[in-house]
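Please find below a note on the model under review.

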Amino acid sequence: MRMSVSETMAACQARGDIRAFAEVLVESATQDSRAAGPGALFCCLPGSRADGHDFAVRAVEQGASAVLAARELPGLSGKAPVLVVEDVQRAMGLLARHWRRRVRPVVAALSGSAGKTTAKEMLASITTVMGPSIKNPGNFNNQLGLPLSMLAAGAEHRTWVLELGISRVGDMEELAGICEPDLAVVHNVGPAHLEGLGDLRGVARAKAALLGFVGESGTALANKDYPELWAEAKKANPRVKAMSTRDPSAENFCTYKGCSANGMGVYSLMLEGSPLEVSLSCQGAHLAENVLAAAAAARALGATGEQIREGLARAEFPKGRFAVRDTGTCVVIDDTYNANPLSMTAAIGAARALCGAGPLALVLGEMGELGKERDQAHEELGRVIAASGCDVVRFKGPSAALVRLGLERSGFAGSFAEVREPSEIAELAAQASSTGGVVLFKGSRSQRMEEFLERFLSDH
Ligand code: ATP
Ligand code: MG
């Protein structure tokens with residue numbers, strides 16, 4: 001961002017005496033006082049341990065140009081402009097929207113229940129081949145992360161690729177209202193964030209709302225393989241274009257072809273009648289819908305087949321998203337970033353596909369935020385595990401007994417144990433060294449399954 005204090009104040013609908021500072025430039029926004037350097041707008045937010053207002057003086061001492069606060073800060077009188085608003089986070093959203101309207105980039109917004117970040121990385125990698133573009137850093141996809149991502153853009157960035165993450169009804173309207181997308185994509189829905197969104201239909205309705213935010217000249221894309229999503233998508237935007245990984249007659253289609261000799265995942269695409277084969281450093285049939293979302297969105301943004309191919313080949317993915325690693329004696333899959341029923345089922349299926357008829361071990365953790373669906377989802381997980389024909393299951397979390405029940409009801413013949421500490425999988429590490437095969441690590445963020453993975457690798 002780059003705007004004067006007076007422009008910033010008007011965009012935030014703030015009050016305050018800024019006369020001496022009206023023309024001072026604001027060139028970045030942050031809520032982190034340690035990062036509030038020269039030119040920054042320091043945004044005072046309440047944290048779980050500290051209140052941002054207590055750090056405003058320090059931010060100004062470090063060179064911050066202005067402070068956005070929920071109350072007057074007499075300690076800064078005459079030293080720095082203090083822009084006072086009722087709700088700092090909301091004001092950041094208004095400021096981000098103002099910046100978006102001022103520099104008029106093309107905004108591509110993605111949402112879905114599993115794979116927003118991976119799809120965003122794919123699309124941003126393609127748009128970077130096309131020209132200067134930005135994306136949310138990491139997982140900055142909510143009412144705070146989205147404005148921060150947008151305000152980090154410069155006027156030269158002509159494409160903004162943004163993932164939007166929601167957990168409650170109304171979140172999508174807020175986020176889409178901030179970023180005003182020209183292109184909207186929803187690539188899947190699953191039972192995630194049920195505590196705030198109700199049931200699958202509720203998830204679909206909440207996500208599909210994004211598609212209604214693109215104007216007449218914009219593009220909306222949704223995956224028709226999810227019936228609830230497709231029904232809601234057509235309601236939200238009758239011009240929505242279809243994507244599918246099952247129906248070759250869909251406007252946009254993609255299938256996973258397998259793993260190439262150099263370890264790249266190969267995917268075959270058909271984008272509105274044009275065939276394209278691409279390869280990238282992520283694996284598995286379950287990611288075909290992400291590749292499709294990125295490629296179809298890129299095509300709508302004007303990318304050529306060559307740009308799509310090059311961008312996908314270069315894409316890098318953050319840690320813990322189905323990263324496949326050969327230890328020499330077995331294959332370890334690090335999918336520890338997070339889990340919900342959709343991504344858990346997909347990862348188990350992809351792990352089975354990867355190991356063929358060989359031994360498969362699963363080290364899994366509780367799936368969180370499922371509300372009243374928790375028990376049923378974990379019992380169902382037992383059935384999914386049993387159907388995968390895996391040999392060994394270790395499970396961490398309060399629903400272990402329900403997973404066991406699901407396994408028993410499906411006639412599971414392998415070994416199951418509940419685990420609490422990483423040291424409890426030592427014998428599994430020893431066993432995998434002799435049997436080989438594939439070991440999948442996955443669970444909700446709160447379960448910290450990466451600690452089990454690290455222990456496995458050090459014992460292995
Ligand atoms: P968050 O809601 O935390 O932002 P996200 O939607 O951005 O998550 P990712 O971070 O890309 O999703 O991936 C989260 C997990 O879902 C990872 O374990 C990843 O392997 C898995 N995953 C990614 N894409 C899919 C997909 N299309 N289907 C099922 N699982 C997927
Ligand atoms: Mg994400």
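The numbered points below take these topics in turn.

1. Basis of the note. This is a predicted model, in which local features need pLDDT of at least 70, side-chain atom pairs count only at pLDDT 80 or more, and totals for chains, interfaces and linings use all residues. Residues are numbered from 1 along each chain as its sequence is written, chains are lettered from A and ligands numbered from 1 in the order in which they are written, and side-chain values use heavy atoms, with hydrogens and water left out.

2. The magnesium site. Three protein donors, Thr-117 (OG1), Asn-139 (OD1) and Glu-163 (OE), lie 2.0 to 2.4 Å from the magnesium ion (ligand 2). Donors here are N, O and S atoms within 2.8 Å of the metal (3.2 Å for Na, K and Ca); water is not among the atoms, so sites may look incomplete. Along the chain, the donors of this ion follow the spacing T-x21-N-x23-E. Thr-117 in helix H4 (residues 116-130) and Asn-139 in the loop between strand S8 (133-135) and helix H5 (145-151) are 22 residues apart, and the pair links distant parts of the chain. Helices (H or I, at least four residues) and strands (E, at least two) are DSSP runs, numbered from the N terminus.

3. Thr-117 counts as buried because its relative accessibility is 5%, whereas Asn-139, at 33%, counts as partly exposed. Buried means under 20% relative accessible area, exposed over 50%, and partly exposed in between (1.4 Å probe, protein chains only).

4. Polar contacts of ligand 1. An oxygen atom of ligand 1 is 2.9 Å from a polar backbone atom of Gly-115, and one is 2.7 Å from a polar backbone atom of Thr-117. At Asn-139, an N or O atom in the side chain is 2.8 Å from an oxygen atom of ligand 1. Of the 630 Å² that ligand 1 exposes when taken alone, the protein buries 94%; accessible areas come from the Shrake-Rupley method with a 1.4 Å probe, and for residues only the protein chains shown count as cover. A polar contact is a pair of N or O atoms within 3.5 Å; within protein, one must be able to donate a hydrogen and the other to accept it, and residues adjacent in sequence count only if both atoms are side-chain atoms.

5. The shell around ligand 1. Which residues are the closest to ligand 1? They are Thr-117, Asn-290, Arg-321, Asp-335 and Tyr-337, in a shell of 22 residues, where a residue is near if one of its heavy atoms lies within 4 Å. The shell divides into five nonpolar, eleven polar and six charged residues. In this division Ala, Val, Leu, Ile, Met, Phe, Trp, Tyr, Cys and Pro count as nonpolar, Asp, Glu, Lys and Arg as charged, and the others, Gly among them, as polar. H4 gives the most to the shell, with three residues.

6. Helix H10. This helix (residues 288-300) has 13 residues and reaches 18 Å from its first C-alpha to its last, close to the 18 Å expected at 1.5 Å a residue; the expected span is 1.5 Å times one less than the number of residues. H10 is mostly covered, with eleven of its 13 residues buried, including Glu-289, Asn-290 and Val-291. Just after H10, Gly-302 takes a positive phi of about 100 degrees.

7. Arg-104, in the loop between helix H3 (88-103) and strand S7 (106-111), has a positive phi near 45 degrees. Phe-322, in the loop between helix H11 (305-314) and strand S16 (323-326), has a positive phi near 50 degrees. Arg-104 counts as exposed at 64% relative accessibility, while Phe-322 counts as buried at 4%.

8. Other buried residues. Asn-136 is found in the loop between S8 and H5 and is buried, with a relative accessible area of 0%. The side chain of Asn-136 reaches the backbone oxygen of Phe-140 at 2.9 Å. In helix H4, Ile-126 is likewise buried, at 0%. Leu-76, in the loop between strand S5 (66-69) and strand S6 (82-84), is buried with a relative accessible area of 2%.
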